[in-house]
Amino acid sequence: MSQHIAKPRTTAVILAGGTGQRVGLSIPKQLLKIAGKAVIEHTLTTFENADSIDDIIVLMAPGYVPDVEKIVAKAGLTKVAKVIEGGSTRNETTERAIAALGEGLAEGEDRNVLFHDAVRPLLSQRVIDDCVTALERYQAVDVAIPSADTIIVTRTHGEDGEFITEIPDRSRLRRGQTPQAFKLSTIRRAYEVAAGDPNFQATDDCSVVLKYLPDVPIHVVAGDEYNMKVTQPVDVFIADKLFQLASTAAPEQKGEEVYRELLTGRTMVVFGGSYGIGKDIAELAESYGATVYALGRSTTGTHVENPEEVDDALSKAYAETGRIDYVVNTAGVLRIGKLAETDNATIEEALKVNYLAPVQIARSAYKYLAETKGQLLLYTSSSYTRGRAEYSLYSSTKAAMVNLTQALSDEWAGDAVRVNCINPERTATPMRTKAFGQEPAGSLLSSEAVARTSLDVLLSELTGHVIDVRQQDPTAGAARASGFEQALASVLDRQDGM
């Protein structure tokens, strides 16, 4: 009979000893805010959400341990086991981590360890999983990507400056990233051997294994272009923009019985529920047992641009059912035309319906959603990444929906109220047909498909996300791409949405 061998525990060690001098900061760069959160919080959240990671240790710059502990507590990062001070050098910091990892281990017991730079907040789950999987076969693993640039080797000749001495073959060159993953026994042994070298100095841990344990092969896992390190001032801007553009793959669809179990007895209020996506969401949720209030100008006479009518609609739903679990707003107007030729009434309508109405809906819905720990669902357009000529009002207000979603998800996190935003590509809705006329069959998403994804998002634990809905096979690899892969692809292939 074969004996079951338990998998070794896997710990992520977040190296956060940098000072931020190159970014021109008076605080460590890992505490700099990007997309509304400290860089290190983004990084820690990635490992918190990784199924292959059991716990996390943070090595923080001296004097800033309490700052990280506050971030961990506020964000509810339960996998963070300890936050300790790093050393004055990278070598010393890793040695402190190795010592902390060895505490409590039984004799002969080993564990997996992933060392990751705190200032690489765009790490994907795929890279983490690939590193952990590689450790099933190898004792040391690095992450790298091919070099797109030609690398030159130079030598300085006095006051004449630098001159090229060699140009290595680019096909064999790779740019190293993190995490770097090891069996704890391997990286510990490498540092023990290195301690005997009076000239020992290293900028990364794989180089220590390479030099002092030359017989240990170091496997290379494919990294990602967007797994960038926030080091220079321009990196702060680029990372912030990537977080802004990043979209999330839709949650997996649930079975019919699960939909019914989760929606029976729940109350949903849908603004813009007269037709199109809003109507389809309302009918779908109702078919699974939810009590739905589908509100619209043409059916119930509800004008979303009127705050009193929004308040009355929510108050009525709450009075009749005693709860509101989900508030959805699909209402919007799309007027085509050059801004200089647009009259004041049209401008005012666009701003009231597309921007002020969602703001008022959010403000009115908050108290009800806080009671049920519910969700507000908003809608954007793929034009939010770059305004479109002749419908500047629409695309700019849709960009505002993304910012509103991200801001409110942070603002309401303490009350466990979720806020998300659906970003459908071109969708067959009456609003779109009115603006663009009939378009080729099969070129548009169906409003039913967007409604189904919307329901999946409402029933998920996601918050603060922009969820792309695109015409593709959900089983294809592209559908499982990370949010940042989708962001980069979408920038190159944006089409006008709903």
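Predicted model: local features only at pLDDT ≥ 70, side-chain atom pairs only at ≥ 80, totals over all residues.
Let's start with D117 and R90. These two form a salt bridge, and their closest N and O atoms are 3.8 Å apart.

Where do D117 and R90 sit in the chain? D117 is in strand β6, residues 112–117. R90 is in helix α3, residues 90–102.

Now, buried or exposed? D117 has a relative accessible area of 7%, so it counts as buried. R90 comes out at 22%, which makes it partly exposed. The line for buried is under 20%.

D117 has another partner. Its side chain also meets that of R120 in a salt bridge, at 3.2 Å from N to O. Here D117 and R120 are both buried.

On to R323 and D325. Their side chains meet in a salt bridge too, at 2.7 Å from N to O. R323 is partly exposed, with 27% relative accessibility. D325 is buried, at 4%.

Next, helix α1. This one runs over residues 39–48. Nine of its ten residues are buried, so the helix is largely enclosed by the rest of the structure. Among the buried ones are V39, I40, H42, L44 and F47. E41 and E48 are on that list as well.

Last topic: the backbone. Most residues other than glycine have a negative phi, and most peptide bonds are trans. Here are some exceptions.

Take K373. Its phi is positive, about 55°, although K373 is not a glycine. K373 is found in the loop between α11, residues 344–372, and β15, residues 375–379.

E390 also has a positive phi, near 75°, and is a residue other than glycine. Where is E390? E390 lies in the loop between β15 and α12, the helix of residues 392–411. Its relative accessible area is 40%, so E390 is partly exposed.

Then there is a cis peptide bond. The bond runs from T178 to P179, with omega near 15°. P179 is found in strand β10, residues 174–183.

Technical notes. Residues numbered from 1 in each chain as written. Heavy atoms only, no water. Helix = DSSP H or I, 4+ residues; strand = E, 2+ residues; numbered from the N terminus. Buried < 20%, exposed > 50% of the residue type's maximum accessible area, 1.4 Å probe, protein only. Salt bridge = Lys/Arg side-chain N within 4 Å of Asp/Glu carboxyl O.
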